[in-house]
Amino acid sequence: MKPKVNIVVMVDAVGALSDRTLHQGNLALVDDSPYGSRNPGTPELVTTVLPGQVVQWTAIHVDVQTPVEIHQITFLGPGEPEHAPPVTRPDPGYAAVPAYAAASGVLLAEPETASQTAAPPSALASNGLENHDLLVWEGIVPFTMAPGVPYRYRLSIKIHEGPNSLLHVDTPALLRV
Amino acid sequence: MPPKPSGALRPVTITAVVDPVAALASGDLDENLYLYDTNRTAGSSGFGTPELRTRVRKGDRLLWNVIPLECETFVALSGIEIDRRVADPVREFYPGTDIAFWTATVKRELVKPVTYRLSFLLGGVAEPFTVAAEQALVGPVKEAR
Amino acid sequence: MAQQHGIIVLIDVDNALQERTLDGNAYWFDNMKFLGSTGEGTGGLVTIVPGAYFLDGSQATEQVLNWLPASLGAVPPTVPRNYLAEQALQTDRDALAHLAAVGAGDEAEVGRIKEEVGVRAKQSRSAKGIPTAKILDATGHVAGSDAADTYNYPTPVITDITGPAVEQKIMYPAQYGSPDMIYDGWYWAATVDTSRPGIYSYTMHIQLHELVEREDGLVWQPVDLTCTSALEVMTDPKRNAFTGAGLGVLPLPEFPPVP
């Protein structure tokens, strides 16, 4: 068994900031899993994994001088309608302006309020400013992971800083073969 | 004030240094805009801020251009809002390129500062961003009696 | 992966040549204000270098610095470097075509073509980095007979980087690229050893070029000047983003989402 699976997160920072979405070609996800991942090069990547493997996500800058970091990875849980696949939202992946699901009135766009997770990890550097390059996004696939079912996650990206800097997609997933 | 040795042939260049990624992410252009001109010794002020005050004389040619902090990122000066009786900027392109600059001639001697505003296109956003602060052209210093 | 850091040095060449100093005539920028750089747009930039180390103490990221010099009042660095050479070639081609069409004895027309072709300048031996021998003005057009007054300042050339940051082996600068000044030119980059936090100054050696009119024609003369800047090096431990500490299990939900 290959001990580690790498998922590479490639963001066109200027495209994403201009379009205010990670879709429309501004985000490509690629992995090196040997078990046949689906939808490589898109935000809908489904990475095939085995329990016991380490999965690591790394952000690569398409333009080497633009600052792109992974802000948060949150696995979406069962039976929570606000985390259903993005069906008809006008701006999928756009996190800066709150969007409300028509039926439930639940806030869609704030990863920090997702019931699934704790607060984002501290990226605080010694000078008091945040440096997301300090975070290593890796973890071990648990043996309790059910096979054959995609475990979708919300991937939240931070480009530079400020009100328009956070964008996310809810479409990628891990799949245990 | 005696003319500079290079004469009035060389235009007064006003350069806008912009960080387009920071401006798009923060939504604040002014915070990420640094203006300079080539007339520091003639009395221009406000260097490195959006409130540049450029010292000019009647007949001076002005040239505005842009330098992005991320060299691969698109930034362009899309408009200059100024009293057309003082200067009427037109957009030109460096020959053979699609990179723009703006030129104008100062039509009269300025007794009071004349304010103007720059607008920029940043990245792939279709709508221009206009600077909140005002830039200005100022006339010659009055000679002491 | 950490980003590379771009540092732009904008030089007021006209005043620097008149005053023979870069003090007050150089404006420094990087794109890391949000990570802690200070003094953006002034002569007092301090560039933050935010390093990281793994729990075993080894350096985790390679921080790379790239310098881009630019002239205030000249054609901006976004205009491709091969542009000046292509402009020179194009005007030569145009002039040859016009000459072929001109009738014999048409002195006025030949004179006009001479203006179109522009003037060339010689390069003195110690001058580095003149992109083309033909002179352009600040709008990118070929300069005519008033070239000595209107010439576009060539991009300043960095000839060396010295000072405490280099002597103390905090940064390792080197030139990269091809020696073909027309198309790519040399550019300076450095890797930084982030294991020793602190503020370290460095001296940039810059060569400007002045167009001087001599009896035998126009000549580019080099003018060597220096200016200083600084790095603030820091380093912090890498930490696991899921656990806040070391490697752990992925926080998958107990039951997967409904398909």
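**Reading the interfaces and a sheet**

Modeller: Let us begin with one interface: 32 residues from chain C and 42 residues from chain A take part in the contact, where two residues are in contact if their C-beta atoms, placed from the backbone, lie within 7 Å. This is a predicted model, in which local features need pLDDT of at least 70 and side-chain atom pairs count only at pLDDT 80 or more, while totals for chains, interfaces and linings use all residues. Residues are numbered from 1 along each chain as its sequence is written, and chains are lettered from A and ligands numbered from 1 in the order in which they are written.

Biologist: Which elements give two or more residues to the side of chain C that touches chain A?

Modeller: Helices (H or I, at least four residues) and strands (E, at least two) are DSSP runs, numbered from the N terminus. Here the elements are β3 (46-53), β10 (217-237) and β11 (239-240) of chain C. By class, that side of chain C has 20 nonpolar, 9 polar and 3 charged residues, where Ala, Val, Leu, Ile, Met, Phe, Trp, Tyr, Cys and Pro count as nonpolar, Asp, Glu, Lys and Arg as charged, and the others, Gly among them, as polar.

Biologist: How many bridges join strand β6 of chain A to β11(C)?

Modeller: Two strands pair if DSSP finds at least two bridges between them. Strand β6 (residues 135-140) of chain A and β11(C) run parallel and are joined by 2 bridges, with A:Leu135 opposite C:Arg239.

Biologist: What is the strand order in the open sheet of chain C?

Modeller: The 5 strands follow the order β2-β1-β4-β8-β7, with mixed pairing, and the edge strands, each pairing on one side only, are β2 (26-30) and β7 (171-177). Within this sheet, β1 (residues 5-11) and β4 (residues 63-71) of chain C pair in the parallel sense over 7 bridges, and C:Ile11 has C:Ser71 as its bridge partner in β4(C).

Biologist: Why does B:Gly27 count as partly exposed?

Modeller: A residue is buried if 20 or more other C-beta atoms, placed from the backbone, lie within 10 Å of its own, exposed if 12 or fewer, and partly exposed in between. B:Gly27 counts as partly exposed because it has 13 C-beta neighbours inside 10 Å. B:Gly27 lies in the loop between α1 (20-26) and β2 (33-37) of chain B, and, not counting residues up to four places away in sequence, B:Gly27 touches A:Gly162, A:Pro163 and A:Asn164.
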